[in-house]
Amino acid sequence: MEKLFSIPLLPADYETYGALKTVRRLSQMKSLYADQEAADRLLENGDPVIYEVYELPHPNDETDLLVNITVLYPGYVGDEPYMTKGHFHREPDTAEAVIGLSGEGELLVQNREGELRSLKVAAGRISYAGGGWAHRVVNTGSENLVFFAVSGANIVHDYETAAELNFKKRQ
Ligand code: PAN
Ligand code: ZN
């Protein structure tokens with residue numbers, strides 16, 4: 001894809017332009033949920049899709065931007081709403097902006113010291129997490145939560161450190 005484009009900010013249009021689609025199912029992130037028995041019960045009846053990420057296929061040089069759309073489905077594992085895995089950015093630890101396209105939820109952010117904060121995600125609203133804040137989106141509503149996320153293309157995703165903290169308050 002040429003690095004000059006103007007396209008609608010919609011998953012279907014991203015697909016038309018050859019977006020890479022990553023599907024995240026419960027079995028791939030089960031350990032992140034608090035209620036493991038509820039997760040096991042859900043998995044007995046299939047493996048629900050929790051979210052899909054659409055990534056445009058232009059080459060990611062370090063001066064580029066990642067401009068992904070995520071569709072986060074509504075649902076619960078026990079009493080915990082569906083959520084993304086969440087991650088830190090490392091090398092370099094660039095910021096991320098999340099812009100809601102439809103639905104509503106929250107952007108949980110946590111720094112490496114464990115401080116936890118929550119920012120609202122909704123259509124027409126921008127939520128910004130500077131460097132040093134791991135970020136996870138949670139669908140607290142009853143519709144799909146669709147959001148656009150932009151960061152530097154030079155990031156490396158660090159899922160491990162975020163999974164250790166898991167966006168929980170320290171005891
Ligand atoms: C987003 C996320 C996307 C899926 O594009 O990658 O919402 O979340 P996980 O990567 O945590 O599974 C982003 O933060 N990019 O850096
Ligand atoms: Zn990110």
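Predicted model: local features only at pLDDT ≥ 70, side-chain atom pairs only at ≥ 80, totals over all residues.

Student: How many residues surround ligand 1, and which are the closest?

Tutor: There are 16 of them, with Tyr51, Thr70, Gly86, Glu96 and Tyr159 the closest.

Student: Which polar side-chain atom lies 3.0 Å from an oxygen atom of ligand 1?

Tutor: For this, look at N and O atoms and the distances between them. The 3.0 Å distance belongs to a polar side-chain atom of His87. An N or O atom in the side chain of His135 is 3.2 Å from an oxygen atom of the ligand, and for a polar side-chain atom of Asn68 the distance is 3.3 Å. As for cover, ligand 1 taken alone exposes 390 Å², and the protein buries 94% of that.

Student: Let's stay with His87. Is His87 buried or exposed?

Tutor: Relative accessibility is the value to read, and the cut-off for buried is under 20%. His87 counts as buried because its relative accessibility is 10%. His87 is placed in the loop between strand S5 (80–81) and strand S6 (88–90).

Student: Which side chains make polar contacts with the side chain of His87?

Tutor: One is that of His135, at 3.0 Å; another is that of His89, at 3.3 Å. Beyond four places in sequence, the contacts of His87 include His157, Asp158, Tyr159 and Phe167.

Student: Now the backbone. What should I look for?

Tutor: Most residues other than glycine have a negative phi, and most peptide bonds are trans. In this model, the peptide bond from Glu91 to Pro92 is cis, with omega near -10°. Glu91 also has a positive phi of about 50°, although it is not a glycine.

Student: Why does Glu91 count as exposed?

Tutor: Its relative accessibility is 61%, and exposed means over 50%.

Student: Which phi does Asn166 have?

Tutor: Asn166 has a positive phi of about 55° and is not a glycine. You will find Asn166 in the segment after helix H3 (159–165). Asn166 counts as buried because its relative accessibility is 11%.

Notes
Residues numbered from 1 in each chain as written. Chains lettered and ligands numbered in written order. Heavy atoms only, no water. Helix = DSSP H or I, 4+ residues; strand = E, 2+ residues; numbered from the N terminus. Buried < 20%, exposed > 50% of the residue type's maximum accessible area, 1.4 Å probe, protein only. Polar contact = N/O pair within 3.5 Å; in protein donor to acceptor, adjacent residues only side chain to side chain. Contact = heavy atoms within 4.5 Å. Near = heavy atom within 4 Å. Areas by Shrake-Rupley, 256 points an atom, 1.4 Å probe, with all protein chains shown as cover.
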